[in-house]
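The stops below go from the whole chain to single contacts.

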Amino acid sequence: MRFNVTFFIQCFPELIAKIPFTLWLGVLSFAASFVLAALITVLRNARIRPVRWIISVYISFFRSTPYITQLFIFYYGIPQFVPAMRTMTADTAFVISVALNSSAFITEIIRGGLLSVDKGQKEAAMSVGMNRFQMMKEIVIPQAFVSALPALGNSFVGTVKNTAVAFTVGVVEILSQSKILAAQGFNYMEAYIAAGMVYWMLILVLDFLQKKLEKRACRFL
């Protein structure tokens with residue numbers, strides 16, 4: 001069976017046209033993940049033991065089970081018991097499930113960033129009259145953010161790549177579009193290689209922007 005070069009080249013315009021939607025899914029999912037992770041970090045530091053126990057179970061479950069399993073449970077399983085969720089779109093289900101999954105990992109990234117700030121700096125801030133809020137705002141959070149930025153960038157890239165899983169619930173992104181194209185003439189090899197190359201180029205651009213952001217963030221410290 002010969003490799004259809006013409007079909008391979010023709011795939012790119014339609015796959016590239018799906019980049020904005022794929023990025024939108026990735027950005028929205030990551031933003032929701034980060035907000036949820038920040039909330040979990042606050043609750044995790046609470047002195048209420050049942051809350052801390054629930055958070056620990058939450059993080060353990062979402063870090064220890066395959067993401068695609070979580071997506072299927074959320075999109076196919078839970079709506080059977082919660083009728084109100086049956087009208088939920090595949091796009092919405094994907095974003096929420098990614099937020100639930102990724103927030104467990106981002107919570108650990110945030111925790112690592114906060115722990116990277118030297119205790120001596122915190123003590124020095126308190127000794128010069130700063131309250132806890134001022135210390136966190138001026139000393140801890142800026143340094144923790146820079147420290148966590150590479151891991152957060154990797155998490156964002158992973159979220160964008162995870163959009164490929166969305167085709168399993170009917171979301172038409174880059175991989176799903178390549179499957180549609182492939183089915184037209186059974187040129188699966190050509191279509192999937194083209195999709196892989198589009199993802200590759202997209203991630204290279206995101207990696208470049210991430211490194212630029214890291215360098216700029218370091219200058220503010």
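Helices (H or I, at least four residues) and strands (E, at least two) are DSSP runs, numbered from the N terminus. This is a predicted model, in which local features need pLDDT of at least 70 and side-chain atom pairs pLDDT 80 or more, while totals for chains, interfaces and linings use all residues. Residues are numbered from 1 along each chain as its sequence is written, and side-chain values use heavy atoms, without hydrogens and water.

**Whole chain.** Colour by secondary structure: there are nine helices and zero strands. Along the principal axes, the C-alpha atoms fill a box of roughly 75 × 45 × 25 Å.

**Nonpolar patch.** Select Phe3, Val5, Ile9, Met189, Ile193, Met197, Trp200, Met201 and Leu204, a nonpolar surface patch with about 860 Å² of accessible area together. Patch residues have over 30% relative accessible area and no salt bridge, and nonpolar side chains (Val, Leu, Ile, Met, Phe, Trp, Tyr) are joined within 5 Å. Areas come from the Shrake-Rupley method with a 1.4 Å probe, and for residues only the protein chains shown count as cover. Helix H1 (5–16) and helix H9 (188–219) each supply at least two of the residues. Ile9 is in H1, and H9 gives the most, six residues.

**Salt bridges.** The structure holds two of them (a side-chain nitrogen of Lys or Arg within 4 Å of a carboxyl oxygen of Asp or Glu). Show Arg44 and Glu108, whose closest N and O atoms are 2.7 Å apart. Arg44 lies in helix H2 (residues 19–44) and Glu108 in helix H5 (residues 90–115), so this pair ties together parts 64 residues apart in sequence.

**H6 against H7.** Select residues 119–127 (H6) and 132–162 (H7): their axes come within 10 Å and cross at roughly 150°. Axes are lines fitted to C-alpha atoms over the stretch in contact, with angles from 0 to 180 degrees between N-to-C directions. Which residues make the contact (heavy atoms within 4.5 Å)? From H6 come Gln121, Lys122, Ala125 and Met126, and from H7 Arg132, Met135, Ile139, Val140 and Gln143.

Technical notes
Contact means heavy atoms within 4.5 Å. Patches are made of residues with over 30% relative accessible area and no salt bridge: like charges are joined within 9 Å, nonpolar side chains (Val, Leu, Ile, Met, Phe, Trp, Tyr) within 5 Å.
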